[in-house]
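Open the model in a viewer and follow the selections in the order given. Each stop says what to pick and what is found there.

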Amino acid sequence: MAELRLIGVGNRFLKPMDLTLADGSLFVLLGPSGAGKTTLLRILAGLAPLRGRVLLGGEEIGRLPPHCRAVGYLSQEPFLFPHLDLEANLDLGMTRLGWSKARRRERRKELMDLLGIAHLAGRDTVTLSGGEKQRVALARVLASGPRLLLLDEPFNQLDFRIARHLRAELKILQRKLRLTTLMVTHNLEEARELADALAVIQDGRLTTEEVLETGDQAFLEVPNLLICRQLRVLEEGLLELEWEGLRLFALDRGRPCARFRVQPSSIVLGRTPPPGPRVNRFLGRVCAVRVNHDAAKVECLVNGQKLRVEIRRRRWEREPLTVGAEAHGFIPLDCLRPE
Amino acid sequence: MGGLVALPLLGFGLLVAGVVLALVVQVDPGELWSALRAEETLFALRFSLEVSAGAMSAAIPLGIASAYFMSRRDFPGKRLLDALLDLPLVMPPLIAGVGLLFLLGRGLLGEPLARLGLGLIFTPLGAVAAQAFIATPIIIRNAKAAFESVDPGFQETAMVLGLSPWRVFFQVNLPLAGRSIAAGVILAWARTMGEFGATLMVAGATRLSTETLPIAVYLNLASGELGIAVSCALVLLAVCFGVLVCLRLLAGGRGAKKRSLPWPSSA
């Protein structure tokens with residue numbers, strides 16, 4: 001029995017909240033950047049200070065150090081240990097269990113088969129693709145034998161097709177393992193696809209599901225809407241578009257479209273031209289900046305049109321932008337999605 | 001353009017080669033060979049290696065543990081302590097030696113240590129203490145930067161996966177920061193091998209007793225024994241060169257690509 005109960009759980013950033021997750025359910029907490037989603041997961045994992053009580057299967061785990069909680073935490077970045085190969089990464093996950101070498105090898109094989117990564121055996125983790133890394137990271141978390149799984153937007157940094165595929169796999173896997181899971185996301189589509197139960201978090205406070213039902217989603221990540229003119233369809237499965245004098249390329253999804261959505265967190269923005277292909281780039285001027293503890297929200301004027309861009313806090317600290325500064329941007333072509 | 005810029009490089013390269021050559025040609029090869037095999041040279045080499053090994057065995061755990069703590073914790077007065085730990089790096093070694101002499105001699109720690117049978121002043125143990133004092137801040141500086149360069153996400157991941165704090169240190173943080181820490185340790189060791197001022201003040205300069213390689217150079221130059229002085233100097237140079245080669249190997253040949261880039265004008 002691993003029902004999760006939060007009683008008055010909070011800290012400096014989070015208002016005290018009560019929440020119950022049924023045993024084996026997948027609960028999704030939906031909210032915009034800076035709402036306190038990651039903070040809540042970090043509290044539950046033992047990585048941030050806590051007020052209140054956390055009961056997992058009736059046992060108080062809120063005062064235990066992180067390594068004694070039997071909680072699995074998968075963040076946006078997989079953090080595979082680069083000095084260890086794939087198998088050693090999985091083995092490290094089993095340290096707490098104190099298993100023999102043979103039992104570890106058996107469990108490793110089971111998990112690699114389950115996650116579809118058996119063909120990656122022996123690979124150096126730095127050579128894996130983003131989707132493969134996230135699969136290995138999930139296998140490693142499961143290897144640690146968690147009683148509760150915490151997922152912090154684990155597909156956020158992946159190509160949307162791979163993310164969709166992994167989401168479907170996760171749902172099947174979670175059902176199969178009946179592992180109590182709390183996932184946070186700012187993606188409404190993802191939340192609705194995965195959740196057995198759902199709540200909304202905003203400004204460090206839990207609100208009710210009714211918010212979603214009324215369709216009031218203004219606080220969620222609002223996508224940019226680009227009204228484009230379609231120039232031509234290219235043979236490589238691409239569309240050539242024109243938006244405010246800029247030439248853009250998008251994936252051809254087989255239907256004519258003039259309105260495209262781009263999530264603010266999908267756009268790359270910085271002081272210098274980003275690396276990568278020399279298409280879908282733009283030069284803009286920063287006209288507004290709002291920084292919270294999780295991300296920076298930037299409004300950038302591009303040929304007279306405003307683009308909303310969200311930059312993760314860690315990257316923002318490395319390369320902050322000031323209002324009035326010139327900024328180089330890039331819209332990944334698979335992130336331009338037809339309305 | 002490329003040729004002109006290379007001139008200062010060539011000039012300085014010749015100067016360095018000239019210094020080494022000037023040492024070698026001071027004595028004839030026969031005398032140099034016998035000086036290299038002289039009892040005093042061999043003693044100085046062995047003593048230097050033993051003392052530096054002793055100093056490093058104290059400085060490595062002390063330096064790495066201090067650096068780990070400094071890189072992972074915030075506490076009041078951290079900046080002040082950070083500056084204080086850097087002081088031995090900029091302090092003239094002679095002054096550091098005088099300070100150690102007063103502290104470990106008749107000062108605060110001298111008598112309690114003597115009661116424990118740990119006489120440090122003018123003993124080989126004193127040389128170890130002096131060299132550890134010089135080497136530790138070098139290790140702290142390098143190891144702290146190395147630990148800080150490891151993304152805290154790795155540590156947090158390991159903790160949540162169930163690794164105890166000790167395992168997190170030995171299985172995650174130390175291997176991830178290992179290369180830079182090793183470079184710092186090698187630098188610190190080279191510094192202890194060439195250490196003169198602090199060792200002289202704390203351990204003295206007694207022939208065949210507290211005679212490290214630099215002290216052997218000093219004593220034999222003072223007494224006009226050029227052969228032994230030069231041979232000890234050459235042994236020290238060889239050690240330093242070996243250290244540089246090790247550091248290049250640790251850097252993983254990353255500089256090679258940069259060196260092979262053409263000058264913009266010739267592109």
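A residue counts as buried if 20 or more other C-beta atoms lie within 10 Å of its own. The model is predicted.

**Stop 1: helix α1 of chain A**

Select residues 37–45 of chain A, which form helix α1. The buried residues in α1(A) are A:Lys37, A:Thr38, A:Thr39, A:Leu40, A:Leu41, A:Arg42, A:Ile43, A:Leu44 and A:Ala45. Because 9 of the 9 residues of α1(A) are buried, the helix is largely enclosed by the rest of the structure.

**Stop 2: chain A as a whole**

Chain A contains 8 helices and 21 strands. Along the principal axes, the C-alpha atoms of chain A fill a box of roughly 60 × 45 × 35 Å. The radius of gyration of chain A is 21 Å, which agrees with the value near 20 Å that a compact globule of 339 residues would have. Of the 339 residues, 39% count as buried.

**Stop 3: helix α4 of chain A**

Select residues 130–143 of chain A, helix α4. These 14 residues reach 20 Å from the first C-alpha to the last, close to the 20 Å expected at 1.5 Å a residue. How many of the 14 residues of α4(A) are buried? The count is 12 of the 14, so α4(A) is largely enclosed by the rest of the structure. Buried residues in α4(A) include the charged side chains to colour here, A:Glu132, A:Lys133, A:Arg135 and A:Arg140. Among the other buried residues of α4(A) are A:Val136, A:Leu138, A:Val141 and A:Leu142. Just after the helix, A:Gly145 takes a positive phi of about 65°.

**Stop 4: A:Ala137 and its contacts**

Within helix α4 of chain A, pick A:Ala137. A:Ala137 has 24 other C-beta atoms within 10 Å, so it is buried. Which residues does A:Ala137 touch, not counting residues up to four places away in sequence? They are A:Leu74, A:Pro78, A:Phe79 and A:Leu80. Draw a C-alpha to C-alpha distance from A:Ala137 to A:Phe79: the two are 58 residues apart in sequence and 7.4 Å apart in space.

**Stop 5: two residues with positive phi**

Stay on A:Phe79, which is found in the loop between β6 (71–74) and α2 (86–93) of chain A. A:Phe79 is not a glycine, yet its phi is positive at about 50°. Most residues other than glycine have a negative phi. A:Phe79 counts as buried because it has 23 C-beta neighbours inside 10 Å.

Next select A:Glu153, in the loop between β7 (148–152) and α5 (160–177) of chain A. A:Glu153 has a positive phi of about 40° and is not a glycine either. With 21 other C-beta atoms within 10 Å, A:Glu153 is buried.

**Stop 6: chain B**

What does chain B hold in helices and strands? There are 13 helices and 0 strands. The C-alpha atoms of chain B fill a box of roughly 70 × 65 × 30 Å along the principal axes. Of the 267 residues of chain B, 34% count as buried. Among contacts in chain B with a separation of 6 or more, 79% are between residues 24 or more positions apart.

**Stop 7: a helix pair in chain B**

Select α3 (residues 39–72) and α7 (residues 124–148) of chain B. Their axes come within 6 Å and cross at roughly 35°. The crossing of α3(B) and α7(B) is right-handed. By class, this contact has 20 nonpolar, 7 polar and 2 charged residues.

**Stop 8: where the chains meet**

Finally, show both chains and select the contact, which takes 17 residues from chain A and 15 residues from chain B. On the side of chain B that touches chain A, α8 (152–161) and α9 (165–193) each supply at least two residues. The largest share of that side, 7 residues, comes from α8(B). Coloured by class, the side of chain B that touches chain A shows 8 nonpolar, 5 polar and 2 charged residues.

Definitions and conventions: Residues numbered from 1 in each chain as written. Chains lettered and ligands numbered in written order. Predicted model: local features only at pLDDT ≥ 70, side-chain atom pairs only at ≥ 80, totals over all residues. Helix = DSSP H or I, 4+ residues; strand = E, 2+ residues; numbered from the N terminus. Expected span 1.5 Å × (residues − 1). Contact = placed C-beta atoms within 7 Å. Axes fitted to C-alpha atoms, helices over the stretch in contact; angles between N-to-C directions. Left-handed = near helix turned anticlockwise from the far one by under 90°. Rg over C-alpha atoms; globule rule 2.2 N^0.38 Å.
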